[in-house]
Amino acid sequence: PATKRVLDARRERAGDDVAEALDLDPGAEVVVVRRVRIAGRRPAIYSIDSLPVDIVDVERDSPAFGGSLYRFLASRGHVVDHARTVITPVIATPEVARILEIAPGESLQHLRQVDVDEAGRPVMLSLEWHVPSVIELRVYRRGPGRVAE
């Protein structure tokens, strides 16, 4: 069974890349949630999720961080409509390797994803490191539909 372990959750000033991804003013505060997803007994995914502070309160909402952040966002009126994701191969840094209980230098799949709600607002930036030997990454891509000839 898959489980999630929350490493920490806190308010912090968004770096330029986070502020830009979430369409926030530079230096705006966000809630950052760091978690590890476990598959069986092995760490499979390390994630850092950044959310705007007008949607989430770190103290009040912390019990929700161990569950689905998509369900949480929907409960706040921000149903995720789509995401923009970039997937790249990376090598585990010593810090990420320690968190995922793998050797530094091991190959990982890195995802950088911005989730957008039904109103078109970016509501979450996720950085994820996937361990390919533990979890398979699958991508579903829609075709363009009917193409005019």
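A salt bridge, as I use the term, is a side-chain nitrogen of Lys or Arg within 4 Å of a carboxyl oxygen of Asp or Glu. Please keep in mind that what you see is a predicted model.

Take Arg-37 and Glu-128 as a case. Their closest N and O atoms are 3.5 Å apart, so by the 4 Å limit the two form a salt bridge. This pair links distant parts of the chain, with Arg-37 in strand S2 and Glu-128 in strand S6, which covers residues 122-130; they are 91 residues apart. Glu-128 has 12% relative accessibility and counts as buried, because buried means under 20%.

How many salt bridges does a search of the whole structure find? The search gives 10.

Another one joins Asp-49 to Arg-35, where the closest N and O atoms lie 3.7 Å apart. Asp-49 sits in strand S3, residues 42-52, and Arg-35 in strand S2, residues 29-39, so this pair ties together parts that are 14 residues apart in sequence.

Now Asp-8 and Arg-10. They form a salt bridge with a closest N to O distance of 3.0 Å. Asp-8 is partly exposed, at 21% relative accessibility, and Arg-10 is partly exposed at 38%.

Ser-50 is buried, with 5% relative accessibility. What does Ser-50 touch, not counting residues up to four places away in sequence? Its contacts are Val-18, Leu-22, Val-30, Val-31, Val-32, Val-123, Met-124 and Leu-125.

The largest has 23 residues, and the members touching the most others are Tyr-46, Leu-100, Ile-102, Leu-108 and Trp-129. At least two residues of this core come from each of helix H1 (16-21), S2, S3, helix H4 (94-100), strand S5 (107-117) and S6. A further core of 12 residues lies apart from it, and includes Val-31, Val-56, Val-58 and Phe-72.

Leaving aside neighbours within four places in sequence, Ile-102 is in contact with Ala-92, Ala-97, Leu-108 and Val-131.

Terms used:
Residues numbered from 1 in each chain as written. Predicted model: local features only at pLDDT ≥ 70, side-chain atom pairs only at ≥ 80, totals over all residues. Heavy atoms only, no water. Buried < 20%, exposed > 50% of the residue type's maximum accessible area, 1.4 Å probe, protein only. Helix = DSSP H or I, 4+ residues; strand = E, 2+ residues; numbered from the N terminus. Contact = heavy atoms within 4.5 Å. Core = buried A, V, L, I, M, F, W, Y, C linked by side-chain atoms within 4.5 Å.
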